[in-house]
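User: I am new to this structure. Please show me how to read it, feature by feature.

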Amino acid sequence: MFDSLQALPADPILGLMQLYRNDAHPQKVDLGVGVYKNDAGQTPVMAAVKAAEVQLLAQQNSKTYVGPAGNEAFVALMKQLTFGECLSSVDDRLAAVQTPGGCGALKVAAELIKTASPTAAIWVSSPTWGNHIPLLGNAGLQLREYPYLSQCQTQLDWPAMQAAMDQVKAGDVVLLHGSCHNPTGVDLTLAQWQWLADKALEKGFIPFVDMAYQGFGDGIEEDAAGLRYMASVLPELLLAVSCSKNFGLYRERVGMVVAMCPSGGASVAATTHMLSIVRGIYSMPPDHGAAIVAHLLANGALANEWRAELDSMRLRIQQLRCQFADTMAALGYPEFQFVANQKGMFSYLGISQPQVTWLAEQKSIYLLSSSRASIAGLSRDNLDYVCHSLAQSITV
Ligand code: PMP
């Protein structure tokens with residue numbers, strides 16, 4: 001049977017990680033992988049997460065199954081974190097379960113859409129995070145793209161995005177990045193979220209918010225403003241949440257999927273379908289990471305410590321963005337100012353594929369061929385080297 005299988009092409013991000021690992025250059029820089037790094041280039045366990053984990057281990061006296069819905073306390077606290085002040089007015093219409101990471105949430109949501117409306121199309125931004133395509137498309141749903149970036153690849157093409165929204169049919173789903181758009185760093189303003197909410201009402205489409213970086217853009221509450229506005233005015237929406245980045249729990253696989261339904265009765269039915277979908281894929285989510293988040297968020301002191309640490313991570317990224325733009329301007333390239341204005345972990349640098357290759361081969365600086373750079377991969381030590389090399393790549 002397996003003789004017939006042809007090897008698939010290597011995953012570009014994993015391939016890049018391998019090239020970086022094998023490179024012996026003492027100044028090599030990894031701007032590829034999408035994890036937060038501190039100034040020492042490490043991705044440490046957050047202090048509040050570690051403290052919650054220690055307390056939890058001391059308390060835990062059973063490893064029995066958690067069930068397909070996962071940890072209920074986690075789900076309640078995460079709904080609070082994401083929906084904030086509008087939760088009380090929508091809570092009875094929310095169907096929500098814990099999932100293995102944001103990827104699990106996207107997959108469960110895709111299957112739920114397929115169950116409820118098999119002919120619905122899902123519209124994703126062009127470009128979008130590479131994994132959106134298999135996670136959503138493999139459910140058998142039709143994927144459509146809406147334009148997101150202007151020609152220069154570093155700004156939003158809002159008129160083009162608006163025009164595309166007019167093509168979306170009633171019952172279709174439009175995927176929006178909650179904050180810190182991956183891969184571009186180009187975010188929507190609150191006024192643009194409001195326009196999209198009006199459009200969703202007018203056309204009858206359903207927004208699907210992928211929230212993988214809450215707290216990395218402008219702040220925990222600020223980054224949820226678009227979602228909260230939509231939740232307060234629309235009858236239906238979908239939400240996929242990841243705790244990988246903002247709790248630094250990547251490998252623990254912690255996330256949540258939410259379907260906001262038009263009525264409480266519909267949310268009860270949607271929950272039964274979510275549970276049935278979960279049963280058919282992974283049976284139930286892992287416990288440990290969600291238990292850490294639940295313990296942390298329920299404990300005022302730990303929650304405050306976590307918020308402060310996340311704030312400092314966000315500020316570090318913002319500072320790196322500004323330092324990068326200032327250094328490029330000092331080298332004669334003020335056009336990189338956009339990096340300072342963008343949000344979150346990633347930016348498209350807007351450079352050509354030959355430049356990306358030149359940076360890897362000549363300078364051991366690795367970013368994706370699309371020119372997506374992981375800003376958290378910059379540090380005080382390598383920023384000058386990266387900027388000088390980038391400037392050089394423009395002239396060669
Ligand atoms: N959505 C986006 C846009 C992401 O960038 C990520 C993580 N890279 C995820 C979802 C899901 O992450 P995870 O499954 O690791 O929680």
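Predicted model: local features only at pLDDT ≥ 70, side-chain atom pairs only at ≥ 80, totals over all residues.

User: Which residues of H15 are buried?

Analyst: Burial is read from neighbours: 20 or more other C-beta atoms within 10 Å make a residue buried. In H15 the buried residues are Val386, Cys387, Leu390 and Ser393. They fall within an arc of 120° seen down the axis of H15, so they line one face of the helix.

User: What covers the buried residues of H15?

Analyst: The cover includes strand E1 (29–30), H12, helix H14 (353–363) and strand E10 (365–366).

User: How far does H15 reach from its first C-alpha to its last?

Analyst: H15 spans residues 383–395, 13 residues in total. Its reach is 19 Å, close to the 18 Å expected at 1.5 Å a residue.

User: Which residues is Ile365 in contact with, leaving aside its neighbours within four places in sequence?

Analyst: Ile365 is in contact with Val29, Leu31, Leu359, Ala360, Val386 and Ser389. Val386 is one of the buried residues of H15.

User: Let me try another helix. Which residues of H2 are buried?

Analyst: Ala48, Val49, Ala52 and Glu53 are buried in H2. Look down the axis of H2: these buried residues fall within an arc of 135°, so they line one face of the helix. On the other side of H2, Val54, Leu57 and Ala58 are exposed.

User: What covers the buried residues of H2?

Analyst: Helix H11 (288–298) and helix H12 (300–330) are included in the cover. Now pick a residue in H12. Glu309 is found there. Leaving aside neighbours within four places in sequence, Glu309 is in contact with Met46, Ala47 and Ala48. Ala48 is one of the buried residues of H2.

User: How many C-beta neighbours does Glu309 have inside 10 Å?

Analyst: Glu309 has 18, so it counts as partly exposed. Compare a loop residue. Ala24 lies between helix H1 (12–22) and E1. With 6 C-beta neighbours inside 10 Å, Ala24 counts as exposed.

User: Now zoom out. Which domains does the assignment give?

Analyst: The domain assignment gives domain 1 (9–43 + 314–395) and domain 2 (65–298). Their centres, taken over C-alpha atoms, are 28 Å apart. The contact takes 17 residues from domain 1 and 20 residues from domain 2.

User: Which elements each supply at least two residues of the side of domain 1 that touches domain 2?

Analyst: H12 and strand E9 (346–348) do. The largest share, three residues, comes from E9. By class, this side of domain 1 has seven nonpolar, seven polar and three charged residues.

User: Last topic, the backbone. Where is the peptide bond cis, with omega near 5°?

Analyst: That bond runs from Ser126 to Pro127. Pro127 is in the loop between strand E3 (121–126) and helix H6 (132–137). Another cis peptide bond joins Asn182 and Pro183, with omega about 25°. Pro183 lies in the loop between strand E5 (173–177) and helix H8 (190–203).

User: What about phi? Is the phi of Ser283 positive or negative?

Analyst: Ser283 has a positive phi of about 70°, although it is not a glycine. Ser283 is exposed, with 10 other C-beta atoms within 10 Å. Ser371 has a positive phi of about 85° and is not a glycine either. Ser371 is buried, with 21 other C-beta atoms within 10 Å.

Methods. Residues numbered from 1 in each chain as written. Buried ≥ 20, exposed ≤ 12 C-beta atoms within 10 Å, placed from the backbone. Helix = DSSP H or I, 4+ residues; strand = E, 2+ residues; numbered from the N terminus. Arc of directions from axis to C-beta. Contact = placed C-beta atoms within 7 Å. Domains from an automatic or database assignment. Nonpolar A, V, L, I, M, F, W, Y, C, P; charged D, E, K, R; others polar. Expected span 1.5 Å × (residues − 1).
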